[in-house]
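Take a look at the structure below. We will walk through it one part at a time.

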Amino acid sequence: MPRRGAFVVIEGLDRSGKSTQASNLIQRLDDAQIPSKLIKFPDRSTPIGKLIDSYLRSETEVDDHAIHLLFSANRWELASSIVKDLEAGITVLCDRYAFSGIAFSASKVAPSDAPKPVVAEGSSIAPTHQTAPPLLPYSWCRSPDVSLPAPDLTVFLDILPEIASKRAGYGNERYENQEHQERVRELFSRISEEVEAEGVGRWVVLDGGLELKEVEEAIWREVREAVREGVEGELGGV
Ligand code: T5A
Ligand code: NA
């Protein structure tokens, strides 16, 4: 039986550079003659993925619970082929995964509940912001992805929403506004703590605001390591 491949996930806010870095990384793995495959979630090519695509472009309205379950189902559609590839010795690189699923859904608030400054007009006191209640409970958002194959390494490209918002193509899709992205960033931080506590692979935070080449080098250092380590261990579950 061949040594299994490493399961590597790239996560981050919208426009943090995930897809750019994922394709550079596949090239590097190729050059290093490490058999690898790139997948991306949402996979917009399947029937479920087409519905998700239409939702993200705001062409279709879907209940928040239902769309969350569809994002998860879109991962389950590919779960057995991910395991098969890993067992065949292929390193699987995944552009977004279950962590995006949790962070983007659990950060939703009703439009009317978006935080507003709470201070009387004309006051000299700096405004504070009320924390709006989430639309979907965090634990509910986690459950549909439980027991999906767990990554050996998750690279989180950290970027300030304000910087990401200045990058090309920002604002075209549903969640691309700074307030939502701020809440998503906080949730990713909570998820990273849980991943570490539960030992669901390694979670590495890299600065996605650096120059493209610098980010690429930093990712390569981590992935080279994971390719060496990952193949030794058993594949766990999310
Ligand atoms: N979602 C996703 C859920 O709600 N639930 C889920 O379960 C999942 C999986 C679409 C949305 O779906 C949500 C999250 C999202 O809101 P997507 O299809 O991954 O998710 O979105 P995309 O539009 O494909 O990708 P992103 O917007 O996230 O962008 P990327 O891939 O992070 O960024 P990239 O590489 O395309 O780069 C963006 C621009 O920045 C430049 C690039 O050249 C490009 O122009 N750039 C840099 N510029 C300067 N310095 C750097 N270091 C740069 N890196 C990239
Ligand atoms: Na992308």
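Start at the ligand. In the side chain of Arg-167, an N or O atom is 3.2 Å from a nitrogen atom of ligand 1. Keep in mind that this is a predicted model. Two further residues reach oxygen atoms of the ligand. Thr-20 places a polar side-chain atom 2.4 Å from an oxygen atom of ligand 1. Ser-19 uses its backbone instead: an N or O atom there lies 2.9 Å from an oxygen atom of ligand 1. Now widen the view. In total, 28 residues surround ligand 1. The closest are Lys-18, Thr-20, Arg-44, Arg-75 and Arg-96.

Next, look at two spots in the loops. Arg-15 sits in the loop between strand 1 (7-12) and helix 1 (18-31). Its phi is positive, about 70 degrees, although Arg-15 is not a glycine. The other spot is Pro-42, in the loop between strand 2 (36-40) and helix 2. A cis peptide bond joins Phe-41 to Pro-42, with omega at about 0 degrees.

Follow the chain into helix 2, residues 47-56. How does helix 2 pack against helix 3, residues 64-87? The angle is about 140 degrees, and the axes are 9 Å apart. Angles over 145 degrees would count as roughly antiparallel, and 65 to 115 as roughly perpendicular. Helix 2 and helix 3 are therefore oblique to each other. Their crossing is left-handed. Which residues touch? From helix 2 come Ile-48, Gly-49, Leu-51, Ile-52, Tyr-55 and Leu-56. They meet Asp-64, Ile-67, Leu-70, Phe-71, Ala-73, Asn-74 and Glu-77 in helix 3. By class, this contact of helix 2 with helix 3 has nine nonpolar, two polar and two charged residues.

Now move on to another helix pair. Helix 4 covers residues 98-106, and helix 7 covers residues 178-198. They pack at an angle of about 135 degrees, with their axes 8 Å apart. Helix 4 and helix 7 are therefore oblique to each other. Is the crossing of helix 4 and helix 7 left-handed or right-handed? Helix 4 passes helix 7 in a right-handed crossing. On the helix 4 side, the contact is made by Phe-99, Ser-100, Ile-102, Ala-103, Phe-104 and Ala-106. Their partners in helix 7 are His-180, Gln-181, Val-184, Leu-187, Phe-188, Ile-191 and Val-195. Sorted by class, the contact of helix 4 with helix 7 has 10 nonpolar residues, three polar ones and no charged ones.

Notes
Residues numbered from 1 in each chain as written. Chains lettered and ligands numbered in written order. Predicted model: local features only at pLDDT ≥ 70, side-chain atom pairs only at ≥ 80, totals over all residues. Heavy atoms only, no water. Axes fitted to C-alpha atoms, helices over the stretch in contact; angles between N-to-C directions. Helix = DSSP H or I, 4+ residues; strand = E, 2+ residues; numbered from the N terminus. Parallel < 35°, antiparallel > 145°, perpendicular 65-115°, else oblique. Left-handed = near helix turned anticlockwise from the far one by under 90°. Contact = heavy atoms within 4.5 Å. Nonpolar A, V, L, I, M, F, W, Y, C, P; charged D, E, K, R; others polar. Near = heavy atom within 4 Å. Polar contact = N/O pair within 3.5 Å; in protein donor to acceptor, adjacent residues only side chain to side chain.
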